[in-house]
Amino acid sequence: MSFDSNNLSTLIRDSRVRNIGYQIIIILALILSVWWLIDNTTTNLGNRGKSLGFGFLTQTAGFEISHTLGTWLFDYKVGISTYTDIYFIGVTNTLLIAILGIFFASLIGFSIGIMRLSSNIVLRYFATAYVEVIRNIPLLLQLFFWYFAVLGLLPKARSKLDIFGGLGGLNITGLYTPAPVFEAGFGYVASSFFVAVAASIAIIQFSKYRRDQTGKGLNLGLFVPSLLICLPGIVFFLVGSPLDWSLPVFKDTGPIFKRGFQPDQGMVLVPEMLAVLLSLTLYTAGFIAEIVRAGILAVSKGQTEAAHSLGLGSGITLRLVVIPQAMRIIIPPLTSQYLNLTKNSSLAVAIAYPELVSIFAGTALNQVGKEIEMIFMVMTTYLGFSLITSLFMNWFNSRVKIVER
Amino acid sequence: MNKILMAAIALVVGAGAGFVVGKGEKEVVEVEKVAEKSASSTMDAVKAKGHVQCGVSQGLPGFSNADDAGNWTGIDVDVCRGIAAAVFGDSSKVKYTPLSSKQRFTALASGEIDVLSRNTTWTMTRDTQLGLNFAGVNYYDGQGFLVPKSLGVKSALEMDGANVCSQTGTTTELNVTDFFRENGMKFNLVAFEEADAVVAAYDAGRCDVYTTDRSGLAAQRTKLTNPDEHMVLPEIISKEPLGPVVRQGDDQWFNIVRWTLRAMINAEEMGITSGNAKSKANDNNPAIKRLLGTEGKFGEELGLSNDWAMNIISQVGNYGESYEAHVGPNTPLKLARGVNELWSKGGILYAAPIR
Amino acid sequence: MTQKFQQDVFVRTVEADTLPPPAKETGVMGWLWRNLFSSMMNYSSFGLSFKSLLMALFTALFFYIGFTQIVFLIDFIFVSAVWSDPTGIKREACWTVTQGGALPDGWHAACWPFIFAKLKFVIYGPYPIDELWRVNLTGIFGLVGLLWVLLSFLPYRKQVGIAMLTVYPVIAFMLLTGGAGKIDLLSSSSMILISLSLITIGRLSKRGFLGIILQEFANIIGFLGWALISYEVLMLLLSIDFGLEPVGTGDWGGLLITLVVAITGIVVSLPVGILLALGRRSDMPVARLLCTVFIEFWRGVPLISVLFMASVMIPLFLPEGVNFDKLVRALIGVMLFSAAYMAEVVRGGLQAMDKGQYEAAEAMGLTYWQSMRLIILPQALTHVIPGIVNTFIGLFKDTTLVSIIGLFDLLGAGKSAIADASWSSPVQAITIYLFVALIFFAFCFGMSRYSIYMENKLSKSRSH
């Protein structure tokens, strides 16, 4: 008896056995609750005469969507395009904002972050005020502010502001720029460009290999840039300049609604997109600035002093000594900010920019009423984005990490 | 010390859980009791809750709009109040859930609200595919266009190439798309989540045209900087019968909502108002007596008390009173009765009789 | 001559006065030099001249931008703003001549009478006017308690803190809702009996009366019993009607909802986040996987879609007829969302800990929870205070998103105030947005300043 209970007590005091026990309990609870949720959902759907299924994706959509990159890329036409197209238009527009936003936010964020540490009091206080104001006001408010501020400043629809010496123009309906029109044969130019890129990578790798082996790399000079420009350029002229530009056209005669910029000429960036981009960029830049500042401050002061004593100027010190080390600290929180920016782009629904949540989980959801399927698709898409961003940043992180030999 | 800490932690966890689930738990207890009696009857659930949960707009003057004190008014709100009067004999037993056009059907389908009375257009898709039932029409509307007078436009057919603002998740997007396609015209649609943003964008000049139901145009025009500088074009590009909506599959609740609306229309036809309803109860006209519950047992057939219509009319008023108070010519909306007049007076309001 | 010179060799016998530092280095000039001109006065080479010129240009530009913005804001908020509407003409008080008002054309400034008229709605939402004292009382209690805990020179801070976490929510709940919940006396009394017996079993088994297995789990049993009994007692307390008019959450709004959502979120997200972070670093693969998936899921999806799900789709996942209050659902959404973020912040702190601390705790024979509570978490959490407060600020700002799902929070109430045509004017929207932005700024800025103060204090205490 006493032997038995002793044996038992050693068993339950063994943390491994205990852990297995806890885990079995967790798994059981999980399975039960998932089963419970699914059971409820199917019962409820049954009671409401609804069924699950993705058949709606092949139905055609009957509503117009604001002219944006997505509609142009997928050639959106009412009555022909399906809800699948709408999904991809939403994804394209979300990605467009995310990529541009990440680029500009990093640019501004790094500048502001460095400005916050400047010895120049004007720059320092400006950066501090910027960061404090931007970070402490909700994004949704900033979105409204920029949208209506932008709208209020732009010229009205029948007037314009010339930019790029008249090649483009700006008014309240958007920013118009020349658009490339690809003609037959442009495929050759594009493929020659990719060939040039591949060749450049190969040459650079070979040069690196040579340097590792012999201590002396190839003297590449301007070879790579000229390869990248010249090869496609030569092919371009060989196949007879298969690229044309569609310039924006501004009319101020004719029927009143036909005046202004013509919708099918040139390329347009709608003010909704500009406002979303502006507010997301400025908002995220405020956070990036703080991350950059913290990262730079975390680099030990001895590093800066050592660099100075070697005779390096402050700019070079920052570029070659401080920032490479600060990057290790900066990158993980920077990744979170990039993810936040991508997710925050869903707020664009408030100001009519047709991104994923707005047109797919919004307008389209209201037409077909498949809540579970559509919200599931939207959430999965965002999870995918966040996974890809994380993977990329992890890869980048492993590159900038200090290699300890 | 250890024990005290343990107890404190337990207390915090308990308190936290209590604070979070407190509200929900109570409802669960109530509703479970009801669920034992009969499965999934909206009427029973409403009675158990003690109020009607009514989905309304996030603010459309004349139809459903909250004032500073949070009191909801409008003709859509009057339908909700009528239902509460019919069910509870007290028109104040309503709670309102403001919904965007995007959320409204999901909210109804999920059981979040009992009835949706939010200027919702009756269409075949909604009746069939979305699993909804329209209980009737409380406002016959049509989609129109609002343009600045300065553009000098006289007809919607001149709008080729226009920038059009609308609200997302509505039939307006579909109608305006159809209209432009049908007439071989091009346009650019800028669709916002909320009506306020549409008005602000239109006011700022982002769009040349604002399209929505004509009643909505009248309501939103009052919010513009200079309302008099804008005009509604004569074209009506769609039929927009707006009415209250319920879930499919609950005929009793569907009937209650449908006959609440009809009682209000019939009352106007019979000349019964909130002022004279009490005295009309013993009128010589048997139709009036049937409506007001002094003859027959029409209320009980609905599962209500026999004075259901009496409660609606005396507390909310008849359809005409509701119309005059919220959207009629004497309100900022200044909408004439038009097709929303009784059939006997040249309109198309025609309610089935109570007998 | 040379002789004379040799004779007159001068040897200093008193120390000379110290020369003042160069004018460039002291006083206003020195300050200006160090903080302003040193970065733009180096013209020794072409590159440096270019850099200095660029710097001067940027300085002038940013000074100009900053200065004009400040002037504009002061003018907009104070100088040109309309402050009163004595004749009660509402929107016409903020109209220019062309619009039919009395203000000069081109006038563009805040219209404060509009805010004064809407103040009650923006702060309390549709909460009944006669019952506002309850909200105010809750607010005053909260403020006093919070200050007490935050100000380091007051006595009994720990006790007040515990009371704020336990008693205060109950009081707040009763005051705000009216506390007239119904409760099934039979079921709750049986639950109390069960929990009492659980506690007894826990005690008995701790002393080893009930066998070894139960002795091992005595703490868990006792804890369950205590949690259950506090929950039930709480429910009983909440069900007592103190004669207060019940006010449903549907009638809450404005700043009230913003604060309720933010504070509940903040209070709950920290412990949940800590548990998730510990789970993610646990030795148990199942727990680790679950916590990782949970955290990454919430961090990966936009809050808007979470709130959309919480507000309209939850009834689809629950049994027929069971329903949660809308505010509670938004709360749960916001809480889970910020708990996931909090978990990542805490995990950062845990990872930054020296491995020796874990090993030392283990070597001392502390159990897992003891070592976490006494050794690891106190250090890890102080390391990541800025991150924690940033998450709080993020959560506070994210409450604006509940306006998208139809709750009238501060921004939602503001937007619905804009819908009032009797105040419509071109500055109506911007005035209310400005007001809302100022309120948010005050709260968030206050939080971030307090976090910096705490950080400095702790880093001082760490250094000696």
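Mentor: Let us begin with helix H5 (residues 132-150) and helix H6 (residues 157-177) of chain C, whose axes come within 10 Å and cross at roughly 170°. This is a predicted model, in which local features need pLDDT of at least 70, side-chain atom pairs count only at pLDDT 80 or more, and totals for chains, interfaces and linings use all residues. Residues are numbered from 1 along each chain as its sequence is written, and chains are lettered from A and ligands numbered from 1 in the order in which they are written.

Trainee: Why is H5(C) called roughly antiparallel to H6(C)?

Mentor: Angles under 35 degrees count as roughly parallel, over 145 as roughly antiparallel, 65 to 115 as roughly perpendicular and the rest as oblique. The axes of H5(C) and H6(C) cross at roughly 170°, and that makes H5(C) roughly antiparallel to H6(C). The axes are lines fitted to C-alpha atoms, for helices over the stretch in contact, and angles run from 0 to 180 degrees between N-to-C directions. The helices themselves are DSSP runs (H or I, at least four residues), as strands are (E, at least two), numbered from the N terminus.

Trainee: Which residues make the contact of H5(C) with H6(C), and how do they divide by class?

Mentor: Among them are C:Phe141, C:Gly145 and C:Trp148 of H5(C) and C:Met164, C:Tyr168 and C:Ile171 of H6(C). Two residues are in contact if their C-beta atoms, placed from the backbone, lie within 7 Å. The division is 12 nonpolar, 4 polar and 2 charged, where Ala, Val, Leu, Ile, Met, Phe, Trp, Tyr, Cys and Pro count as nonpolar, Asp, Glu, Lys and Arg as charged, and the others, Gly among them, as polar.

Trainee: What makes H4(A) and H11(A) oblique to each other?

Mentor: The axes of helix H4 (residues 83-115) of chain A and H11(A) come within 9 Å and cross at roughly 135°. H4(A) and H11(A) are therefore oblique to each other. Their crossing is right-handed; a crossing is left-handed if the near helix is turned anticlockwise from the far one by less than a right angle, and right-handed if clockwise. The contact joins A:Ala98, A:Gly101, A:Ile102 and A:Ala105 of H4(A) to A:Tyr338, A:Leu341 and A:Thr342 of H11(A), and by class it has 5 nonpolar, 2 polar and no charged residues.

Trainee: Which are the edge strands of the sheet in chain B, and what makes them so?

Mentor: The open sheet has 5 strands in the order E10-E9-E11-E8-E12, with mixed pairing. Strand E10 (187-192) and strand E12 (230-232) are the edge strands: each pairs on one side only. The twist averages 30° from one strand to the next.

Trainee: How do you know that E9(B) and E11(B) pair?

Mentor: Two strands pair if DSSP finds at least two bridges between them. Strand E9 (residues 162-167) and strand E11 (residues 209-213) of chain B have 2 bridges, in the parallel sense. B:Val164 stands opposite B:Val209 in E11(B).

Trainee: How many residues does each chain give to the contact of chain A with chain C, and which helix of chain A gives the most?

Mentor: Chain A and chain C supply 46 residues each. H2(A) gives the most to the side of chain A that touches chain C, with 11 residues. By class, that side has 27 nonpolar, 15 polar and 4 charged residues.
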